[in-house]
Amino acid sequence: MLALCSDPDARRLLVGLEGDDLDTAVEELLRFEAPAKAMMRTVAEPHDRDGRAFEVGQTVFLTILAANRAPRVFDDPDRLVLARSPHPHLTFGHGHHFCLGAALARLELRVAIPTLFRRFPDLTPVGEPTWKPNISDRSASHIPMRW
C-alpha cells in the first residue's frame, strides 16, 4: 500500500489491471515490498559458495529484501515496475522451504489491494508508519492514513 500510495501512476495502473497483468503486478509488489526481511537456515552439508566455506550446524541468515533488489537479477531494482517479468523473487523462499501460504498471500493481494484503492481512491498516508520490532517479518503496527 505504501509503495502504491507514493507512486500514483502505478496505483492508477494497478486498479485497472485484470487477469495475467494483475498477477504480474502482484509478483512485482511481492518483490518490491516483501513481507519478510530474512530467513534463517542451518547448514546441513558442508559446502563452499562464492569463496566462503559453510560448515554443518552454522546458522545462515538469508536477506530476502536484498536478494529481491539484486541488480544482477532485476533491471532498475529500486523502481516499482508493475509489468516487470519474469519474476524470480525470493519473497516466499525456494525449493522445499517454499512458503505454504504463498498462494493465499497472492490471492489476498490480488483481491484486497485493488479493491481497497477502488473503494478509497484518495487513500493517502498522513505520517510515518510504525514498524513492528521483528528480525524476520516486515509488518507495520500502525499506518496513519486519510481517505
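Which helix gives the most to the lining of the second largest pocket? I looked it up: helix 5 does, with three residues. Before going on, I note that this is a predicted model, where local features need pLDDT of at least 70, side-chain atom pairs count only at pLDDT 80 or more, and totals for chains, interfaces and linings use all residues. Residues are numbered from 1 along each chain as its sequence is written, and side-chain values use heavy atoms, with hydrogens and water left out.

**Second largest pocket.** I get a volume of about 490 Å³ here. Its lining has 17 residues, with Met1, Glu33, Pro35, Leu109 and Ile113 closest to the centre. Two or more residues come from each of helix 1 (2-5), helix 3 (19-32) and helix 5 (102-119). By class I find 14 nonpolar residues, one polar and two charged.

My terms: a pocket is an open set of points on a 1 Å grid over the protein atoms alone, where a 1.4 Å probe fits, with protein on both sides within 12 Å along at least five of seven lines; lining residues have an atom within 4 Å of a point. The volume is the space filled by probe spheres set on the points. Helices (H or I, at least four residues) and strands (E, at least two) are DSSP runs, numbered from the N terminus. Asp, Glu, Lys and Arg count as charged, and Ala, Val, Leu, Ile, Met, Phe, Trp, Tyr, Cys and Pro as nonpolar; the others, Gly among them, are polar.

**Largest pocket.** This one comes to about 870 Å³. I see 24 lining residues, and Arg41, His47, Arg49, Val60 and Leu62 lie nearest the centre. Strand 1 (38-42), strand 2 (47-49), strand 4 (59-63) and helix 4 (64-67) each give two or more residues. The lining divides into eleven nonpolar, eight polar and five charged residues.

**Arg84.** I found Arg84 in the loop between helix 4 and helix 5. Is Arg84 buried or exposed? Arg84 has a relative accessible area of 9%, so I log it as buried (under 20%; exposed is over 50%, partly exposed in between, with a 1.4 Å probe and protein chains only). Its side chain makes a polar contact of 3.0 Å with that of Glu28 (N or O atoms within 3.5 Å, one able to donate a hydrogen and the other to accept it). Beyond four places in sequence, its contacts (heavy atoms within 4.5 Å) include Thr24, Arg31, Phe74 and Asp75.

**Cysteines.** I count zero disulfides (cysteine sulfur atoms within 2.5 Å). Cys5 is buried at 14%, while Cys99 is partly exposed at 34%.
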